[in-house]
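Biologist: Could you take me through this model feature by feature, giving me the general idea each time and then the case at hand?

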Amino acid sequence: MRTPQALGQALAATALGFGLLSPVAVAPPRATAAENLVFVSGAFRRSIAVADLEHLAQTGQAQGLLADVLRFSNQNPAEIGKLLNQSIALPVTLVSRLLNTRIGEAILQRVATIVYPLQASQVGIPALRSAMVLGVVEGNGSISALSFLRAYPTRELEVSIPALMGLMSKASSITELVRFFSESPLDGLRGDSPKAAP
């Protein structure tokens, strides 16, 4: 297992090698991590602890506000727990390629309108880049929703409810959203489709 120092060196080398250094990305590994998802809509603001998501992933049972949210949205807690545990194989080189393509930029921009550091939407894209790179490095070439949150470089992760609902209206389920964001863009990068002209 890597020591924290070795992990820090690996992250620094990765960030330098792929040009992903930013004020958000240079924080030491695990110096910060998302502790709360803060759902915001105008004056409305409610927080769900990442610890509650971890509990859901481990037990398949929701607690606190998370239980109410899943019940209200008619989502099966056990299924959401499985999604939280689901890892996606993403070698660091593939992540770098994805984040530096038009498709990758489009995805980052879309996601950064939904989730970003609390009251700091202007650094949403660098924060996403940082979390992806660090999450993949710590996951030895794979990443899950929980490992992404553990790698996110701020303790409070804001979730825009209007932006989230707008996206949810275009998909019939959370599973479909996960599939859209995790599979579709990567197909072209893996060589499953013809390479687009520059």
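Modeller: What follows is a reading of the helices, their packing and a few loop residues.

Modeller: This is a predicted model, in which local features need pLDDT of at least 70 and side-chain atom pairs count only at pLDDT 80 or more, while totals for chains, interfaces and linings use all residues. Residues are numbered from 1 along each chain as its sequence is written, and side-chain values use heavy atoms, with hydrogens and water left out.

Biologist: How many helices and strands are there in the protein?

Modeller: Helices (H or I, at least four residues) and strands (E, at least two) are DSSP runs, numbered from the N terminus. The protein has eleven helices and six strands.

Biologist: What share of the 198 residues is buried?

Modeller: Buried means under 20% relative accessible area, exposed over 50%, and partly exposed in between, with a 1.4 Å probe and protein chains only. Buried residues account for 39% of the 198 residues.

Biologist: Which residues of helix α3 are buried, and what do they pack against?

Modeller: In α3 (residues 64–72) the buried residues are Leu 66, Ala 67 and Leu 70. They fall within an arc of 100° seen down the axis of α3, so they line one face of the helix; the arc is that of the directions from the helix axis to the C-beta atoms. These buried residues pack against β2 (44–49), α2 (50–59) and α4 (77–85), where contact means heavy atoms within 4.5 Å.

Biologist: How far does helix α7 reach from its first C-alpha to its last?

Modeller: The expected span of a helix is 1.5 Å times one less than its number of residues. Helix α7 (residues 124–138), with 15 residues, reaches 21 Å, close to the 21 Å expected at 1.5 Å a residue. The helix is also mostly covered, since twelve of its 15 residues are buried, among them Gly 124, Leu 128, Arg 129 and Met 132.

Biologist: At what angle do α6 and α7 pack?

Modeller: Two packed helices are described by the angle between their axes and the distance between the axes. Axes are lines fitted to C-alpha atoms, for helices over the stretch in contact, and angles run from 0 to 180 degrees between N-to-C directions. Here α6 (residues 102–112) packs with α7 at an angle of about 115°, with the axes 9 Å apart. That makes α6 roughly perpendicular to α7, given that angles under 35 degrees count as roughly parallel, over 145 as roughly antiparallel, 65 to 115 as roughly perpendicular and the rest as oblique. The contact is made by Glu 105, Leu 108, Gln 109, Val 111 and Ala 112 of α6 and by Gly 124, Ile 125, Leu 128 and Arg 129 of α7.

Biologist: Where is Thr 154 found, and which residues is Thr 154 in contact with, leaving aside its neighbours within four places in sequence?

Modeller: Thr 154 is in the loop between α8 (145–151) and β6 (156–160). With its neighbours within four places in sequence left aside, Thr 154 is in contact with Thr 32, Ala 33, Ala 34 and Pro 117. Thr 154 and Ala 33 are 121 residues apart in sequence, and 5.5 Å apart in space, C-alpha to C-alpha.
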